[in-house]
Amino acid sequence: MKTSLLPATLACLLAWGHTAAQSKLNISKVRATAPVTVSNPFMTDSANLKGEKFEEKTLLETDFLVEKKSFVSEISADTSHHIFFPKAEKGSELRFFAFNVNVDRHAKLTVSITAPGLLELYVNGKKEASKTTAEDSLQNAKPTKKELTVNPGTTELSVKYLSLATSKIPQESMRIEVEAKDSLANLTEYGSKRLISINDIVEGTKISGGSISPNGRFAVLSYSNVAEGGSSSRYAELYDTKTGKKQHIDKAMHWMPTSDKLYYTAQRGNGNALISVDPEAMSESIIAANIPKEAFRIAPNEQYLIYTVKESYEDRKGDLLILKSPEDRQEGYMDRYYLYRYDLATGVNRRLTYGKRTTSLNDISRDSRYLLFTVSDEQITERPFRKSSLLMMNVETLKVDTLWKDEKYAYSARFSPSGQKILIMGAPDAFGGAALNVPPGVIANSYEQEAFIMNIADRQVEALTKSFDPSVERATWRSDDEVYMTVTEADYENVYRYSVAKRTFTKLSLQEDVIRSFSSAKNGATAVYVGVSASSSTKAYTYDLKTGKQTLISDPSRERLADVTLGKVIDWNFTASDGTPISGRYYLPPNFDAAKKYPLIVYYYGGTHPTARQLEFSYPLHVYAALGYVVYTLQPSGTTGFGQEFSARHVNAWGKRTADDIVEGAKKFAAEHDFINEKKVGCIGASYGGFMTMYLQTVTDMFAAAVSHAGISSLASYWGEGYWGYAYSAAASAGSYPWNNRELYIEQSPLFNADKVRTPLLLLHGMEDTNVPVGESIQMYTALKILGRPVEFIRVKGENHGIATYKRRLEWNYSIYAWFAKWLQDDPSWWDSLYPNK
């Protein structure tokens, strides 16, 4: 049975609605600032050094600050499309008029402004045209025209208008027309709202983290900002939970472990000083004047530091280098790290570890008497190719106890407040499979994380989360009986409180879908957390651990996103043919009309992590929806956060179960929704999702266009050549190698099935990719070219596995959008403008 959505709430999405789609548009309403009086300058001479006499057009160069709040009124056009407003009563006045136009495709537009006065036209904040002569009547007014090339989405336009009291006209007026050269382009007039764009994702201020003081009164929030053009900066903010006062911090500061003070390091004289800051008075004092420059952790008693020193060894010279290990291709393979102790009172340095193996600090006990550290060994002949031992050291005597030895699937450990137990993160297979919860003969997914507690006295280990479906991302002690866990749960990241005594989990009811950080006070009842949601950017809250009361303390994107119209996000789940429930959600275009047919884009990862409910990431689904698509994303078999049996389906599958879920889900979704054009369905994925894109085209012809970024085409070449290929395959291809499972490595490789591909395929890859080598896309491109199939390949210079540079990231996204427009919207103009066939 098909379902449909009625556009009953459509009118409220826009400030004053939108007119019928058309290729020519007369602007019917503008937002206006209050007039600003400008005066002629005092004339010391009749002309300047160039002999030029002063003209009133020079007043157009007057700058004044225009913000969203500057627009105080709306003016509507009359039936002849003229917008009338009062002229200056004396002297001269400047004011801005703003309006937004949406276009559904890449198009060439002509903006025409007919007005008797002097004016300037701004497009997306940049001056594009000006009129510097005035006429004495509306009838004699000459139009000012500007041709623009715009991408699909919202174009923000504004007119800076100079009104002269000396003008003979009784009142000012202007008529604004926007016309697309392509008659198929649909222009829509928007009010103060606009559609979201990739710039909204890449640019702006976002919260990168939050931490609470030991007593819970103060919080430090960290921010990152990317300005238009790509320049970036970082800063922090101190928030007083008692008064609500905020204070800007321009240094990287952290909380002392016990006292309620901040600290930072800075050069003082000839040394590197450790400086404490009173958060209430912001007064500073030097704790130690000449501390090591390496990264460090302060002991809870605040009497010493533990820091790490790198030692490098290289005995190979010349142009011929023999590898010591597959990992030896990576820079720093021969670097080793060792622990040192620095006494803050005496300045005495003491080396704590020595040898051929790296030692990594895990934790310092609350009484500061003991350290937990790991020693790791490479074990290339047995997966997962590395093992570790956890040791506990008395920092005074340097006596060491081994808490576990040669454990392959335990990752980290932290002392309980009493120091009698440790909280451990690891895979289900850790400690002899203590947390395993899969059917006999099934290999668990080692990317599924579990929590364990070890009693130090007898080394007994208890698996806390064996029957707990979410995957544990982070866990911290609050007391000996209370642990807080941030977990992946389906496409959410939630926080749970675990009672050690009762062995129970209690979910915290937090405001956001994905919790990025959660910090609780050591000696108080307050926490601070940062989160995001499917339709909102980063926000920070305080949380009362006793009452559950929450207070929003920072929302840096509120004003920016207030202007943006987002479509609805709706959960949609289905039951696969084998009886497995598969969860997903879909995004509607902002101006959704249930009577229309929309192309569909299907997004997936499949590389074992779910597609989280977040607005901003490399493939922002709201932006695709704003371009006129319905977007469907799902969490197929093999995804973590749904229990061990579900995530174990990732192991030795390489597309088998995952592809079935994606194809079945996409077909059912399209069939059950009247507004989907079933002949215009596209798909996109990256990394393992890029592999899935290639693989899908070998098993189905349902897609009209496909996009693969940094995808894997041959399992064997990725396994052997990628820096982490064989290590990732230790989980994804557990126990399987090219010599003992040829069926997996050949039949599941898209390259060996390239002749089955008929879908137009866009391959993209960073040329410096060390994770999935660029050759994975090169060989698939070569195969499809030889086969005469529709394929394009874009190599991105200077980029690794993800596209990080501002300019390249925008261009990379535009290329993806243009590819889908060509094949799903039958509009090749954008693609042809980016990559003309000369």
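Helices (H or I, at least four residues) and strands (E, at least two) are DSSP runs, numbered from the N terminus. The model is predicted, and local features need pLDDT of at least 70, side-chain atom pairs count only at pLDDT 80 or more, and totals for chains, interfaces and linings use all residues. Residues are numbered from 1 along each chain as its sequence is written, and side-chain values use heavy atoms, with hydrogens and water left out.

**View 1. The whole chain.** The protein has 13 helices and 53 strands. Its C-alpha trace spans about 95 × 70 × 65 Å along the principal axes. The radius of gyration, taken over C-alpha atoms, is compared with a globule rule of 2.2 Å times the number of residues to the power 0.38. For 838 residues a compact globule would have a value near 28 Å, and the 31 Å of the protein agrees with this. Buried residues (under 20% relative accessible area, against over 50% for exposed and in between for partly exposed; 1.4 Å probe, protein chains only) make up 54% of the 838 residues. Contact means heavy atoms within 4.5 Å. Of the contacts between residues at least 6 apart in sequence, 63% join residues at least 24 apart.

View 2. The accessible surface, from the Shrake-Rupley method with a 1.4 Å probe, comes to about 37200 Å². Carbon and sulfur atoms account for 48% of that surface. Lys and Arg count as positive and Asp and Glu as negative, while His and the chain ends are not counted. There are 97 positive and 97 negative side chains in the protein. With each charge placed at NZ of Lys, CZ of Arg, CG of Asp or CD of Glu, the centres of the two sets lie 1 Å apart.

**View 3. V630 in the largest nonpolar core.** A nonpolar core is a set of buried Ala, Val, Leu, Ile, Met, Phe, Trp, Tyr and Cys residues joined through side-chain atoms within 4.5 Å. The largest one has 59 residues, and those with the most contacts inside it are V602, V630, Y632, W654 and M692. Neighbours within four places in sequence aside, V630 is in contact with Y586, Y587, L588, P589, Y598, P599, L600, I601, F669, F675 and I676. Apart from this core lies another, of 45 residues, including A625, V631, I684 and W830. In soluble globular proteins, nonpolar side chains tend to be buried together.

View 4. G682 is buried, because its relative accessible area is 0%. G685 is also at 0% relative accessible area and is therefore buried. Beyond four places in sequence, G682 is in contact with L600, I601, V602, F703, A705, F820 and L824. G685, with residues up to four places away left out, touches Y603, Y604, G690, T693, V707, S708 and H709. G682 and V631, 51 residues apart in sequence, are 9.5 Å apart from C-alpha to C-alpha. The C-alpha atoms of G685 and S577, 108 residues apart along the chain, are separated by 23 Å.

View 5. S259 is found in the loop between β19 (254-255) and β20 (262-268). S259 counts as partly exposed because its relative accessibility is 26%. Not counting residues up to four places away in sequence, S259 touches P214 and E302. From S259 to E792, 533 residues along the chain, the C-alpha separation is 59 Å. E331 is found in the loop between β24 (304-312) and β25 (335-343). E331 has a relative accessible area of 85%, so E331 is exposed.

View 6. Most residues other than glycine have a negative phi, and most peptide bonds are trans. The peptide bond from R383 to P384 is cis, with omega near 5°. P384 sits in the loop between β28 (370-378) and β29 (386-394). L398 has a positive phi, near 65°, and is not a glycine. L398 is placed in the loop between β29 and β30 (400-407), and at 25% relative accessibility L398 counts as partly exposed. R459, also not a glycine, has a positive phi of about 65°. R459 lies in the loop between β33 (450-455) and β34 (460-463). R459 is partly exposed, at 32% relative accessibility.
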